[in-house]
2 protein chains.
Amino acid sequence: MEAIPRPAARIADVAARAGVGIATVSRVVNDRGNVAAATRERVLEAIRALEYRPSSVAQNLSLKRTLVIGVVLPFLTEASPIERVRGIVTALASSPYDLALYDVESADRQQRAFRLLSDAHRTDGLLVVSLIPPDEEVRRLRSETIPCVLIDARHDGVPSVVIDDVAGGELATQYLLELGHRRIAFIGDKPTDPFRFQSSRDRTTGYERALESARVPIRPEYVREGTQSRHVARSIADELLRLPEPPTAVFAASDVQALGVLEAARALRIDVPEQLSVIGFDDIEIASYVGLTTVRQRLFESGRRGAELLLQALAGEPTPAHVETLPLDLVVRGTTRPTR
Amino acid sequence: MEAIPRPAARIADVAARAGVGIATVSRVVNDRGNVAAATRERVLEAIRALEYRPSSVAQNLSLKRTLVIGVVLPFLTEASPIERVRGIVTALASSPYDLALYDVESADRQQRAFRLLSDAHRTDGLLVVSLIPPDEEVRRLRSETIPCVLIDARHDGVPSVVIDDVAGGELATQYLLELGHRRIAFIGDKPTDPFRFQSSRDRTTGYERALESARVPIRPEYVREGTQSRHVARSIADELLRLPEPPTAVFAASDVQALGVLEAARALRIDVPEQLSVIGFDDIEIASYVGLTTVRQRLFESGRRGAELLLQALAGEPTPAHVETLPLDLVVRGTTRPTR
DNA sequence: CCTCTGGTTGGAAGCGCTTTCAGGAACAGG
DNA sequence: CCTGTTCCTGAAAGCGCTTCCAACCAGAGG
């Protein structure tokens with residue numbers, strides 16, 4: 001337990017101690033053939049004695065790779081990105097790649113782009129989650145042949161793992177319609193949200209389509225937008241429920257927002273699901289605890305699958321499909337009920 | 001949007017194009033003084049034209065640093081480590097350091113130690129969460145002067161951020177006692193769990209102390225151990241509640257386990273909190289949704305604080321205290337009630 | 001006994017950057 | 001017009017590793 005600062009051993013130290021050339025040490029370390037057994041043993045002994053570990057930085061420079069996969073995503077603090085990261089971590093666990101996380105939550109888009117770019121060199125591949133990379137950046141990545149896979153985002157020519165948000169919106173709305181609901185409200189994200197507004201908009205489209213094909217008129221006062229937060233969703237729901245003709249069902253574009261709706265209902269002593277049906281989207285972990293009916297998207301799976309695709313690309317295998325669409329399932333729990 | 005693979009520009013390319021030496025380019029890039037304005041402009045122009053970005057790998061090799069902080073932790077898939085990671089990410093956001101995640105969930109201890117060691121070179125500092133690093137490793141880290149901070153773990157001479165688990169256990173148990181409960185069960189982790197058994201054991205100690213000072217006899221059949229899972233806790237709780245003389249209150253060593261207790265009670269149609277009080281530990285996000293009374297530990301804060309300490313050490317500032325203990329709070333929600 | 005073959009080995013060149021060091025230019029003062 | 005400063009600048013030496021290539025050694029075959 002001595003605390004004498006001693007610099008880490010370098011390959012030359014090992015070579016000197018074993019009385020061989022550094023090339024030989026390198027061969028032993030990397031298990032590249034043609035080293036006499038006796039020599040190998042001597043080198044191994046020296047490595048042990050010196051506690052030598054190759055500097056990955058130097059290896060990387062020499063090999064022109066980094067063995068790290070960059071994951072760029074917004075809102076790491078929220079439940080659904082976390083779920084995806086879990087999937088990514090799982091897929092990467094058995095690979096030689098490390099994972100570097102870049103949360104762009106607070107950064108403005110400029111800075112985000114900048115970081116991405118300047119980090120291109122320190123990354124063998126990129127996983128971009130819920131973010132659409134600027135054309136400029138995609139061009140660069142491609143010209144430097146750094147593989148990239150998008151998760152929950154699309155960009156021409158970049159492989160991606162997505163869901164069909166329109167279908168998801170339809171699925172949820174149709175289910176409510178089947179239960180007999182006709183006054184169905186929708187709470188989505190603000191289109192000004194630079195990040196995920198596309199998927200929310202698609203879900204809105206799905207909602208509208210479902211209503212249209214059921215010949216239920218769309219009431220503008222039922223279609224609301226807020227930010228992706230329980231708090232805001234709660235106050236929107238509150239307004240909705242105080243309407244002269246309140247909805248009998250609410251479709252929230254995310255579980256987090258659905259939880260806000262649940263809170264609003266509770267505060268107003270409106271029983272769910274007796275007086276109000278609520279359906280969410282995502283199926284985050286909490287959803288199962290509170291018994292929320294929702295549209296499940298495979299968040300974990302999206303991360304895993306995206307990482308797998310990237311790993312394939314990194315391995316030089318051709319990336320199979322350009323856009324991979326993950327299935328959605330309706331998960332019926334306790335917050336929805338037929339109208340009586 | 002051409003897809004012609006073109007290798008990334010190197011510093012020499014920039015130098016050539018600008019008609020200067022590479023040293024000058026380096027000076028411009030790093031904003032190190034003494035470059036004539038005209039020269040600087042020419043270099044900047046070349047950088048722009050070639051879309052030059054310095055290779056951080058090469059920089060790192062030259063500078064002998066990596067600008068990455070390694071975070072080693074088990075069970076990234078669970079709620080509480082995630083919460084800590086969030087704190088770490090937050091603290092690191094404004095620093096130049098990147099974050100590399102090493103989840104040791106599946107790996108056995110051997111491999112974990114190995115990874116840690118061999119990665120020492122690719123990391124400027126280490127944050128170890130809920131894991132006690134082997135002496136061997138600590139020695140190495142110290143001799144190579146790689147700063148390290150422990151979160152939710154202790155090791156002689158290594159700064160750490162922890163909580164007082166004994167006090168936490170006492171806090172929870174005392175509260176139940178104050179509510180009038182006398183038949184209080186405890187569900188902790190199996191001591192065989194190589195990872196977190198220490199904190200669970202400390203909480204058990206706290207539980208026992210509280211009972212002792214209240215002169216309430218400890219009943220062995222009330223003190224149970226399981227793994228850190230809702231499922232297992234549920235079946236343990238089930239057994240507990242079927243006892244001829246079932247407990248009127250359960251203290252679970254973690255919120256996740258408390259949720260299992262809640263499930264068991266629901267299945268047995270035992271009303272919480274009317275017939276059974278339940279208190280957890282941690283205050284993970286779900287706890288607030290389900291209204292679980294619990295002992296809050298500042299998970300997010302622990303990550304942030306640990307990262308801050310590491311950053312300080314990295315900056316050469318002396319690390320203030322060796323062991324920093326974060327406060328615990330009793331959060332009373334809806335799963336506890338006085339005995340009538 | 002000599003040449004050939006194939007397994008071993010070390011020297012040295014790179015990977016792309018930082019930084020030291022010394023040389024040059026320009027300018028001020030004498 | 002000369003000398004001393006002050007600035008600017010580029011060559012070159014690392015940083016620690018991989019790998020090409022040439023050299024070497026031994027045993028096999030002739």
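Predicted model: local features only at pLDDT ≥ 70, side-chain atom pairs only at ≥ 80, totals over all residues.
**Entry 1: α1 and α3 of chain A**

I noted the crossing of α1(A) past α3(A) as right-handed.

I then listed the residues that meet. From α1(A) they are D13(A), V14(A), R17(A) and A18(A), and from α3(A) they are R42(A), V43(A), A46(A), I47(A), A49(A) and L50(A). Sorted by class, this contact of α1(A) with α3(A) has 7 nonpolar and 3 charged residues, and no polar ones.

**Entry 2: chain A against chain B**

Next I looked up the contact between the protein chains: 43 residues of chain A touch 43 residues of chain B. On the chain A side, I find at least two residues each from α4 (56-63), α5 (79-93), β2 (98-103), α6 (109-118), α7 (135-143) and α12 (285-290). That side of chain A divides by class into 21 nonpolar, 10 polar and 12 charged residues.

A strand pairing also joins the chains. I found β2(A) antiparallel to strand β2 (residues 98-103) of chain B, with 3 bridges. Within this pairing, L101(A) has L99(B) in β2(B) as its bridge partner.

**Entry 3: the DNA strands**

Which residues come nearest to DNA strand D? I count 28 residues around DNA strand D, and those that come nearest are I11(A), S26(A), A58(A), G21(B) and A23(B). Two or more residues of this surface come from each of α2 (22-29) and α4 of chain A, and from each of α2 (22-30) and α4 (56-63) of chain B. By class, I have 14 nonpolar, 10 polar and 4 charged residues for the surface near DNA strand D.

For DNA strand C there are 27 residues around it, and G21(A), A23(A), I11(B), S26(B) and A58(B) come nearest. The elements giving two or more residues here are α2 and α4 of chain A with α2 and α4 of chain B. I recorded 14 nonpolar, 10 polar and 3 charged residues for the surface near DNA strand C.

**Entry 4: the sheet of chain A**

I traced an open sheet of 6 strands in chain A, in the order β7-β6-β8-β9-β10-β12, with mixed pairing. Its edges are β7 (223-226) and β12 (328-331) of chain A; each has a single partner strand, so one side of each lacks a neighbour in the sheet. From one strand to the next, the twist averages 20 degrees.

I checked strand β6 (residues 184-189) of chain A, which pairs with β7(A) in the parallel sense over 4 bridges. D189(A) is opposite G226(A) in β7(A). Helix α10 (residues 230-241) of chain A lies across β6, β7 and β8 (249-252) of chain A and runs at about 155 degrees to β7(A).

**Entry 5: the sheet of chain B**

In chain B I traced an open sheet of 6 strands with the order β7-β6-β8-β9-β10-β12 and mixed pairing. β7 (223-226) and β12 (328-331) of chain B are the edge strands, each pairing on one side only.

Here I looked at strand β8 (residues 249-252) of chain B, which is parallel to strand β9 (residues 277-282) of chain B over 3 bridges. A249(B) has S277(B) in β9(B) as its bridge partner.

Two helices complete the entry. Helix α10 (residues 230-241) of chain B lies across β6 (184-189), β7 and β8 of chain B, at about 155 degrees to β7(B). Helix α11 (residues 255-267) of chain B lies across β6, β8, β9 and β10 (293-297) of chain B, at about 160 degrees to β9(B).

Conventions. Residues numbered from 1 in each chain as written. Chains lettered and ligands numbered in written order. Left-handed = near helix turned anticlockwise from the far one by under 90°. Contact = placed C-beta atoms within 7 Å. Nonpolar A, V, L, I, M, F, W, Y, C, P; charged D, E, K, R; others polar. Pairing = 2+ DSSP bridges. Near = placed C-beta within 6 Å. Axes fitted to C-alpha atoms, helices over the stretch in contact; angles between N-to-C directions.
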